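Here's a quick tour for anyone meeting this structure for the first time.

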Amino acid sequence: MLPRPFRVVAKEAETPDTVTLTVEDANGLGVSFAPGQFMMVYVFGVGEVPLSIASSPRTTGWLEHTVRGVGAVTNALCALEPEDVIGLRGPFGTSWPLDTAVGKDLVVVTGGIGLAPLRPAIVEALHRREELRSLALLYGARTPADLLYKDDLLGWESTPNINVETTVDHATANWFGDV
């Protein structure tokens, strides 16, 4: 499987060392995937890494990947800008079995960058909320600055259909949540 070219269309800094890249197929083809699957992401001339798909499977035409810069390839990904081109192969892997939660309580527990692969499952669970007894997200990070998807968290916290509990290991002066 050769990588397909994808163009970066947006870049959002999540934390000082983590970005979310929005990419679209350079040939206008879409990608179907299920929550929990990943892509092999190739930076031309640098290398390839597996990255979870962080966008909703209900979106069409683009994908989001959240990446923390910790090595040569991930640092190169974090340095990309809109209009840069990368290669993607996939999707690969097994999806989260959301159908097994129908009629039951669904609790998602994650920390730090671990929210990225679970974000599509949370979004899908919210779309299918009437099928679940209850839905809860327990999310933690080292510091408030290390929390991912701050806008999503605020939106989810204000939604009556999900119980969101956020905690950090080390609080700052402006953190009023759990530690």
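## Before we start

This is a predicted model, where local features need pLDDT of at least 70 and side-chain atom pairs count only at pLDDT 80 or more, while totals for chains, interfaces and linings use all residues. Residues are numbered from 1 along each chain as its sequence is written, and side-chain values use heavy atoms, leaving out hydrogens and water.

Helices (H or I, at least four residues) and strands (E, at least two) are DSSP runs, numbered from the N terminus. Two strands count as paired if DSSP finds at least two bridges between them.

## The parallel sheet and its helices

Let's take the 3-stranded sheet. It is open, its order is β7-β8-β9, and the pairing is parallel. β7 (105-111) and β9 (163-168) sit at the edges with a single partner strand each, so one side of each has no neighbour in the sheet. On average, neighbouring strands here are turned by 10° against each other, direction ignored. For angles like this, axes are lines fitted to C-alpha atoms (for helices, over the stretch in contact), and values run from 0 to 180 degrees between N-to-C directions.

Strand β8 (residues 134-141) pairs with β9 over 6 bridges, in the parallel sense. Leu137 shows up again here, standing opposite Val164 in β9. Helix α2 (residues 115-127) packs on the sheet, where it touches β7 and β8, and its direction makes about 155° with that of β7. Helix α3 (residues 150-157) lies across β8 and β9 and runs at about 135° to β9.

## Two nonpolar cores

A nonpolar core is a set of buried Ala, Val, Leu, Ile, Met, Phe, Trp, Tyr and Cys residues joined through side-chain atoms within 4.5 Å. Buried means under 20% relative accessible area, exposed means over 50%, and partly exposed is in between (1.4 Å probe, protein chains only).

The largest core has 26 residues, and Leu106, Leu137 and Trp156 have the most contacts inside it. Two or more residues come from each of β7, α2, β8, α3 and β9, with α2 giving the largest share, 7 residues. Apart from that core lies another, of 22 residues, including Val23, Val43, Leu63 and Cys78.

## The antiparallel sheet

There's also an open sheet of 6 strands, with antiparallel pairing and the order β4-β3-β6-β1-β2-β5. Its edge strands, β4 (47-52) and β5 (63-68), each pair on one side only. Neighbouring strands in this sheet are turned by 40° against each other on average, direction ignored.

Strands β3 (residues 38-43) and β6 (residues 85-92) run antiparallel and are joined by 4 bridges. Phe38 has Phe92 in β6 as its bridge partner.

Most residues other than glycine have a negative phi, and most peptide bonds are trans. Here are some exceptions. The peptide bond from Gly90 to Pro91 is cis, with omega near 15°, and Pro91 has its place in strand β6.

Glu83 isn't a glycine, yet it has a positive phi of about 85°. Glu83 lies in the loop between α1 (72-78) and β6 and is exposed, at a relative accessible area of 55%. Tyr149 also has a positive phi, of about 50°, and is found in the loop between β8 and α3. Is Tyr149 buried or exposed? At 4% relative accessibility, Tyr149 counts as buried.

Note on methods. Contact means heavy atoms within 4.5 Å.
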